[in-house]
Amino acid sequence: MTFSALSRLECPKCGLTHDPDQVIGLCPCGSPLLARYDVPAVKLTKDELAARPPDLWRYHELLPVRAPENVVTLGEGMTPLLPLPRYGREIGVDRLLMKDEGLIPTGTFKARGAAVGVSRAYEVGVRRIAMPTNGNAGSAWAAYAARAGLEALVAMPVAAPEICRREVKVVGARLHLVDGLIGDAAAYVREQEGYFDVSTLKEPYRIEGKKTMGLEIAEQLGWRLPDVIVYPTGGGVGIIGIWKALLELRELGWIDGPLPRLVAVQSTGCAPIVQAYEQGLPESEPWPDAQTVAFGITVPRALGDFLVLRAIADTGGTAVAVGDETILAEQRRLAELEGAFVCPEGAATFAAARRLRESGWIHAGDQVVALNTGLGLKYPQTVPL
Ligand SMILES: *Cc1c(COP(=O)(O)O)cnc(C)c1O
Ligand SMILES: [Zn+2]
């Protein structure tokens, strides 16, 4: 068996397939591309997998990097899946679990996408990368680029968390600040020549790294899936990735039965996907004046919105918007009851879980996994002194 079972890139919009072993961004039709694998050729057993090191590269057959020597790693993956008994009891969800992505290099799950994205970019010959970011993706990609010896240019809003600027600087990447939102940073990146644009879903492999959250949840639960997975959704890569991972595991024959209902959580200050879901639309409209304390989910229009909406529809999930005050109150409450200082994006998933339990959408006996996508320590100003 080869290291990776990657077979082709497929367009989820027009259906065209593309050779994956080239430098390629979007499909010519403008859609993101998805990596496809020769899943039946994967001969891995669950026992063999269980004996591998506890990082995301344990799933290398279902990752796109072809040669082990091209793997760029800082030890990312296999984050804890923690029961939250006291908080769970308070909100009426006794079987509540937190997948804690705070315990990962650079402090957010963005490291997963960066590890796989940078490794694969390096493998196909890319040496200079550029990206717009709300902060955390920039920190992660700059760090992995440094580790790989790639040159990196990161453009971010001045309002992005200050720590992310420092993280980009310390690893020697070029930092460009824009007085605006992520869309303005993206416009700057488009003007730069000689860089490979690794914006969210503009290259096909970040999502492959993020999908390992779904693979890990399944493995950590002994290949029995939870009833609900709640995810803070910005660009949507994480939720699409988890859905993709579960479909691949089903194809592999390692899971069966219905998939978990996937819940996309946004802030009421920027909720284009929730709005599209509520209106029954297949794509979202750009959100005007986007603003929320949950900076990582301030994405007024996601390139992969149609895929997020498909993931929700396919799994019988839903989309929920919660306000900033609720997010901050929930962040505090979770810390008081469980000792976990989560990021505001993560806190949004807990606010949503509470709300969905109150409305009866989540049942008392449901096993619910909420994603904390990052470390509260990266947002110290969310706690007033
Ligand atoms: C980027 C980010 C998100 C949103 O991620 P997507 O997968 O792009 O939807 C959520 N939380 C944090 C902390 C982030 O940095
Ligand atoms: Zn296409």
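**Close-up views of the ligand 1 site**

**View 1. Gly 235 and ligand 1.** A polar backbone atom of Gly 235 lies 3.2 Å from an oxygen atom of ligand 1. This is a polar contact (a pair of N or O atoms within 3.5 Å). The model is predicted: local features need pLDDT of at least 70, side-chain atom pairs count only at pLDDT 80 or more, and totals for chains, interfaces and linings use all residues. Residues are numbered from 1 along each chain as its sequence is written, chains are lettered from A and ligands numbered from 1 in the order written, and side-chain values use heavy atoms, without hydrogens and water.

**View 2. Gly 238 and Thr 373 at ligand 1.** An oxygen atom of ligand 1 is 2.7 Å from a backbone N or O atom of Gly 238. A nitrogen atom of ligand 1 is 2.7 Å from a polar side-chain atom of Thr 373. Of the 380 Å² of accessible area (Shrake-Rupley, 1.4 Å probe) that ligand 1 has on its own, the protein covers 97%.

**View 3. The shell around ligand 1.** Ligand 1 is surrounded by 18 residues, each with a heavy atom within 4 Å. Lys 110, Gly 234, Gly 236, Gly 238 and Thr 373 are the closest. The shell holds seven nonpolar, eight polar and three charged residues; Gly counts as polar here.

Key
A polar contact is a pair of N or O atoms within 3.5 Å; within protein, one must be able to donate a hydrogen and the other to accept it, and residues adjacent in sequence count only if both atoms are side-chain atoms.
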